[in-house]
Amino acid sequence: MELHALFPTVVATDRMAMDPLMLAGQLQTLLSLRGEAYSNPDEGCAWTGDLNGIWQLHEHHDFRSLADEVIARVWIYLEQTGFDLDQIALHLQRCWPVLSAAGQVVGRHHHPNAHVSAIVYLSGDGQGREGALCLHARHQLNELVPGLAVGHGGPIRDHHPRNQHLWTFNPEPGLVVIFPSRLDHSVGENMDEESLRVSLSFDFVLTAQDSSAPAEYLAPHPHQWHRCERPLS
Ligand SMILES: [Fe+2]
């Protein structure tokens, strides 16, 4: 019998060469950008730049070339998943650091503002002790009926590869992950007292190309948007 695994979600991973001196400088920069703040603000929640005014890291000279490398990979991701690159424009909307100290986590969430997201890791030993990235399946199509895989000992065996609801990825410096922004994700607890888990997040938006006349499913290019002034009351 042949089994056809249909309708896959594509998550891309890649390895980026990291210059040790540059990496040390980037880590130093991120620590100084974090400043006195430590968490978000609950002390069990990792510090994230988007909630602390550090959300345009791609404009910072220490991170421009790294952002360019991520952008190049996102174009490849889009091409590999079937997008006609001649019909779209890609916009980097936001780039921010996430610093997770011992005992901290990032709760399950997705990025409703974006289309494609990427993460680059600046720390980690590949073992996941600093907290693995977890991608969560919103639906398990192979549970046959929604709710059949709730657990409590069955009826579906835990971690069966054809009924996965979770995928984890252990950070290491230079590893890149690219995934649809709608995918729920979280970060496990940093169990390493000695290490700070450091990653950079990127949110991208697709629109039509400038001066085209797209159908309603694809947003026009922002140059063609009309800002609506609030009426005087
Ligand atoms: Fe996120």
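Q: Strand 6 and strand 7: which way do they pair, and over how many bridges?
A: They pair in the antiparallel sense, over 4 bridges. Strand 6 covers residues 133-136. Keep in mind that this is a predicted model.

Q: What is the bridge partner of His136 in strand 7?
A: Leu166 is the partner of His136 there.

Q: Which sheet is that, and what is the strand order?
A: It is an open sheet of 4 strands. The order is 4-9-6-7, and the pairing is antiparallel.

Q: Which strands sit at the edges?
A: Strand 4 (106-109) and strand 7 (166-169). Each of these pairs on one side only.

Q: And how much twist, on average, from one strand to the next?
A: The average is 15°.

Q: Let's zoom out. How many helices and strands in the chain?
A: The chain has 2 helices and 10 strands. Reading from the N terminus, the elements go β-α-β-α-β-β-β-β-β-β-β-β.

Q: What box do the C-alpha atoms fill?
A: Roughly 60 × 50 × 45 Å, taken along the principal axes.

Q: What share of the chain is buried?
A: Buried residues account for 26% of the 233 residues.

Q: What about contacts between residues at least 6 apart in sequence: what share join residues at least 24 apart?
A: That share is 80%.

Q: Tell me about strand 5. How many bridges join it to strand 10?
A: There are 6 bridges between strand 5 (residues 116-121) and strand 10 (residues 197-208). The two strands run antiparallel.

Q: Which residues in strand 10 stand opposite Val116 and Val120?
A: Phe204 stands opposite Val116. Leu200 stands opposite Val120.

Q: And how many bridges join strand 5 to strand 8?
A: Strand 5 and strand 8 share 5 bridges, again antiparallel.

Q: How many residues of strand 5 are buried?
A: 6 of its 6 residues are buried. Both faces are covered. Val116, Ala118 and Val120 are on one side, with Ser117, Ile119 and Tyr121 on the other.

Q: Now the largest nonpolar core. Which residues touch the most other members?
A: Ala118, Val120, Val177 and Ile178, out of 35 residues in that core.

Q: Which elements each supply at least two residues?
A: Helix 2, strand 3, strand 5, strand 6, strand 8 and strand 10.

Q: Val177 keeps coming up. What is it in contact with, leaving aside neighbours within four places in sequence?
A: Val177 is in contact with Val11, Thr13, Ala118, Ile119, Leu133 and Phe169.

Methods:
Residues are numbered from 1 along each chain as its sequence is written. This is a predicted model: local features need pLDDT of at least 70, side-chain atom pairs count only at pLDDT 80 or more; totals for chains, interfaces and linings use all residues. Two strands pair if DSSP finds at least two bridges between them. A residue is buried if 20 or more other C-beta atoms lie within 10 Å of its own, exposed if 12 or fewer, and partly exposed in between; C-beta atoms are placed from the backbone. Axes are lines fitted to C-alpha atoms, for helices over the stretch in contact, and angles run from 0 to 180 degrees between N-to-C directions. A nonpolar core is a set of buried Ala, Val, Leu, Ile, Met, Phe, Trp, Tyr and Cys residues joined through C-beta atoms within 7 Å. Two residues are in contact if their C-beta atoms, placed from the backbone, lie within 7 Å.
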